[in-house]
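This briefing concerns the strand pairing, helix packing and chain contact of the structure shown below. Please read it alongside the coordinates.

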Amino acid sequence: MVGRNVTCELCGEPLFRTSPFVRRGRVKLPGADEALVHVDFDSANVVVFRHVEADRCPALRGER
Amino acid sequence: MKQLNAVISHLPAGEVEQDMRALRELSPDAEFLCCYTGPRSEFERLGGDAILLEDDWLGGAPRTYQSYHGVFAALAERSFDALYLIEYDQLVLDPGFEAALIALAEGTGAGFMGKNCVPRNGTNWPHYARFRRDRELFDHLRRISTREDPTVIFGTLGTGMWLSRDALDSYLSLEAHPRCYGELYVPTILHHLGHPVVDIDAISDLYRHVRWQPDYELAEIASLERDGAVFVHPVKSAATRRAAAAAR
């Protein structure tokens with residue numbers, strides 16, 4: 001997969017690799033479907049991702 | 001606390017018998033019941049404690065509208081304080097599994113516990129994406145929710161769902177359900193009915209080796225069992241399940 005790693009904003013581990021583009025008014029993230037992730041805006045033009053599953057994320061288990 | 005362990009299986013009767021025997025031999029004091037979703041002709045060959053689920057609510061293709069209404073209703077008249085629902089391909093490796101689950105439930109006050117059982121709003125979980133604008137579901141949640149935010153959507157893995165009797169009775173008290181998907185609907189509805197919904201992975205290692213896919217191989221299972229794993233999922237190969245049981 002071309003592109004760059006997107007990492008979990010909580011634990012810093014890679015979530016998926018992508019190269020986003022806009023199509024029909026939507027932002028497409030090829031590769032994002034390789035992981036189960038939560039998405040949110042961190043600022044007006046930056047979206048951040050994090051793990052959903054605690055068994056994959058030390059931060060969600062309170063370990064980091 | 002008396003726990004009923006219900007095992008959902010659609011396999012041929014001979015395989016079901018062997019799976020159920022392995023569970024009963026591992027943990028003779030636990031109560032196991034087969035919830036059979038295969039053909040009636042196979043069900044009639046089953047011995048032991050088993051019920052037939054013919055409604056096909058659990059038999060739909062993945063990512064359609066599988067539901068647990070039928071299995072919950074079929075168990076309503078049974079006597080238990082907690083229901084543990086697993087699929088045939090979840091192996092129980094530790095005879096102390098009931099005590100481990102009950103300790104978690106009592107420690108958290110859970111009405112429902114599951115694998116990766118967390119709110120899924122704002123995620124790319126395919127079932128959240130499917131239902132995030134489902135008017136029928138959200139109208140239903142707004143009608144019945146005891147929570148401040150009636151739009152919270154939970155998700156969990158379909159195997160390894162633990163419910164308190166109160167939670168089950170609450171679910172069964174609802175007269176109607178929107179068309180939905182069980183792995184989303186069960187924890188979501190129980191949350192909105194006021195029951196604490198707990199993610200087992202956030203508080204313990206009990207489900208560390210329970211995953212959606214891929215299948216576990218025999219050597220991995222043996223190694224995990226030596227290391228104290230309580231459950232392993234998925235093990236879809238009957239030969240692997242037989243070999244794992246024989247190796248005990």
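In this predicted model, β6(B) and β10(B) pair in the parallel sense over 3 bridges; strands pair if DSSP finds at least two bridges between them. Local features need pLDDT of at least 70, side-chain atom pairs count only at pLDDT 80 or more, and totals for chains, interfaces and linings use all residues. Residues are numbered from 1 along each chain as its sequence is written, while chains are lettered from A and ligands numbered from 1 in the order in which they are written.

**Sheet of chain B**
- Gly114(B) stands opposite Asp199(B) in β10(B).
- An open sheet of 7 strands has the order β3-β2-β1-β4-β9-β6-β10 (chain B), with mixed pairing; strands (E, at least two residues) and helices (H or I, at least four) are DSSP runs, numbered from the N terminus.
- β3 (50–52) and β10 (197–199) of chain B are at the edges with a single partner strand each, so one side of each lacks a neighbour in the sheet.

**Helix α7(B)**
- In helix α7 (residues 165–173) of chain B, the buried residues (20 or more other C-beta atoms within 10 Å of their own, C-beta atoms being placed from the backbone) are Ala167(B), Leu168(B) and Tyr171(B).
- Viewed down the axis of α7(B), these buried residues fall within an arc of 100° (taken from the directions from the helix axis to the C-beta atoms), so they line one face of the helix.

**Contact between chains**
- The contact (C-beta atoms, placed from the backbone, within 7 Å) takes 13 residues from chain A and 10 residues from chain B.

Technical notes. Contact = placed C-beta atoms within 7 Å. Buried ≥ 20, exposed ≤ 12 C-beta atoms within 10 Å, placed from the backbone.
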